[in-house]
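Take a look at the model below. We will walk from a ligand shell to a pair of strands.

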Amino acid sequence: MDKSMYAIVVENLTKVYGKGETAVTAIADATFQVRPGELVAILGPSGSGKTTLLTCIGLINEPTHGTVVIDGAVVADGGWHGGIDLKRMRREKLGFIFQAHNLIPFLTALENVMIALEINHLTRNEAKGRATELLASLNLGHRLNNYPSALSGGEAQRVAIARALANKPKVILADEPTAALDTENGKNVMALLKKLAVENHSAILVVTHDHRMVEGFDRIFQVSDGRIIDEHNKVAAGRDHVG
Ligand SMILES: Nc1ncnc2c1ncn2[C@@H]1O[C@H](COP(=O)(O)OP(=O)(O)OP(=O)(O)O)[C@@H](O)[C@H]1O
Ligand SMILES: [Mg+2]
């Protein structure tokens, strides 16, 4: 397999929390690939391992076993790959949308998005232009100068989404990004993710409970007790997937 043609390659990924009798296997021997431009929904019951899967791919949670390759670079290989600069990889390749928004309280909505761009060396004017455009596309054009404390939950979540997408990352990981949003804003967020997948060839994994959002995805991964079944690719999953 030519791993460089995939945005994400996961091989025999296992994550065990704790040790001995209290150990929990949150992800068990997962194997799959995601191509640039693919939009993948991750479905599964509470506690099945969805967030663990995203955080292992997102370089936040160290895998116990197995391999993770992001945009051709081996990042984990039975634990973190030696010499990998995790911070830099996260900043340059990944966009993470968490359940809680994590905005910086003393920066405005606009500045919260600009900072992600300035960290990656855009000038202040370039950052301002792109951040303004992104926020407007998420129906936040009238909230640019508000601080997070003056935003509704859904507005703050959309600012966090704009920040995660600002650098057009190769891999976007989203943990229930539309849960706090009304139907219209949920649809806007999904449309924006779809647009990034198509125009920027980003690979996008979205954990969702929201069955209204599932149409429009290219593939669906069903997670059950830490095992991942590729619903739209069951023949290949049976061949490639151990267990
Ligand atoms: N830091 C941790 N330490 C120990 N066990 C953990 C930790 N994080 C998660 N787990 C356990 O791992 C399993 C998978 O958890 P995970 O958070 O990945 O599930 P999830 O599918 O995201 O659930 P939800 O839909 O409720 O967000 C659960 O049994 C959970 O209790
Ligand atoms: Mg979760």
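Two residues are in contact if their C-beta atoms, placed from the backbone, lie within 7 Å. Keep that cut-off in mind, and note that this is a predicted model.

Start with threonine 52. This residue sits in helix H1, which spans residues 50-57. Threonine 52 is then in contact with Lys15, Ala26, Ile27 and Asn61. Is threonine 52 buried or exposed? It is buried, because 23 other C-beta atoms lie within 10 Å and 20 or more is the cut-off for buried. Glycine 226 is 174 residues away from threonine 52 in sequence, yet the two are 9.0 Å apart in space, C-alpha to C-alpha.

Threonine 52 also belongs to the shell around ligand 1. Other members include Tyr17, Val24, Ala26, Lys50 and Thr51. Which elements supply at least two residues each? They are strand E2 (24-34) and H1. H1 gives the most, with three residues. By class, the shell has eight polar, three nonpolar and one charged residues.

Now move to strand E6, residues 94-97. Both of its faces are covered. Leu94 and Phe96 are buried on one side. Gly95 and Ile97 are buried on the other. E6 has a partner in strand E7, residues 171-175. The two strands run parallel, joined by four bridges. Find leucine 94 and look across to E7: valine 171 stands opposite.

Notes: Residues are numbered from 1 along each chain as its sequence is written. Chains are lettered from A and ligands numbered from 1 in the order in which they are written. This is a predicted model: local features need pLDDT of at least 70, side-chain atom pairs count only at pLDDT 80 or more; totals for chains, interfaces and linings use all residues. A residue is buried if 20 or more other C-beta atoms lie within 10 Å of its own, exposed if 12 or fewer, and partly exposed in between; C-beta atoms are placed from the backbone. Two strands pair if DSSP finds at least two bridges between them. A residue is near a molecule or strand if its C-beta atom, placed from the backbone, lies within 6 Å of it. Ala, Val, Leu, Ile, Met, Phe, Trp, Tyr, Cys and Pro count as nonpolar, Asp, Glu, Lys and Arg as charged, and the others, Gly among them, as polar. Lists of a residue's contacts leave out its neighbours within four places in sequence.
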